[in-house]
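Trainee: Could you show me how to read aromatic pairs and helix packing in a model?
Mentor: Gladly, let's look at one together.

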Amino acid sequence: MWFKKEFAVNKKLKIVLQTEFACDSVFWIYDEFGENINGGTWVEQEDETSWDSKLPDELLSCPDIKRLSTEIMKEYNSLFINNEKEFSYKGFTSPKSEVKYIQKINELRKILYEKCGDKYEIIVDLR
């Protein structure tokens, strides 16, 4: 029994990067038991933008992570038509805009691995 407890304590937390329409974050944090700890939300106030979550300090302290994750979510949400008559996927305006979007995902992934890849299991499921 003590072995199972010890094993669970040593297991890394999991950071999942995932897009979902109308969500404000690409970050989903799970504990060693697979329970969602939080998703986190960028909160824009009058003169500043802050993070309303319990994300690791490595993420919160990096302006590039904040910028990229915000841009990715805004672009992802813009890929859909969502009004009182219709909800549908419209896609990228051009192949060039899709390439730029993918470059941002790759840049965010690289920064995450550099900042906290040794402490957390990172899973990238961005679309």
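Predicted model: local features only at pLDDT ≥ 70, side-chain atom pairs only at ≥ 80, totals over all residues.

Trainee: What describes a pair of aromatic rings?

Mentor: In general, the distance of the centres and the angle of the planes describe a pair of aromatic rings. Here the count comes to 6 aromatic pairs. In one of them, the ring centres of Y76 and F80 are 5.3 Å apart and the planes stand at 65°. Planes over 60 degrees apart count as edge-to-face, so that is the label for Y76 and F80.

Trainee: Is F80 buried or exposed?

Mentor: F80 has a relative accessible area of 16%, and the cut-off for buried is under 20%, so F80 is buried. Y76 is buried too, at 7%.

Trainee: How are the rings of F80 and F87 arranged, stacked or edge-to-face?

Mentor: They are stacked, with 5.5 Å centre to centre and 5° between the planes. Ring pairs also join F21, Y76, F80, F87 and Y89 into a cluster.

Trainee: Now the helices: at what angle do the axes of helix 3 and helix 4 cross?

Mentor: At roughly 145°, with the axes of helix 3 (residues 63–77) and helix 4 (residues 95–116) coming within 10 Å. Their crossing is left-handed.

Trainee: Which residues make the contact?

Mentor: On helix 3 they include I65, L68, I72 and Y76, and on helix 4 they include Y101, I105, L108 and I111. By class, the contact has 9 nonpolar, 1 polar and 7 charged residues. Notice that Y76, from the ring cluster, also takes part in this helix contact.

Notes
Residues numbered from 1 in each chain as written. Heavy atoms only, no water. Phe/Tyr/Trp six-rings, centres within 6.5 Å; stacked < 30°, edge-to-face > 60°. Buried < 20%, exposed > 50% of the residue type's maximum accessible area, 1.4 Å probe, protein only. Axes fitted to C-alpha atoms, helices over the stretch in contact; angles between N-to-C directions. Helix = DSSP H or I, 4+ residues; strand = E, 2+ residues; numbered from the N terminus. Left-handed = near helix turned anticlockwise from the far one by under 90°. Contact = heavy atoms within 4.5 Å. Nonpolar A, V, L, I, M, F, W, Y, C, P; charged D, E, K, R; others polar.
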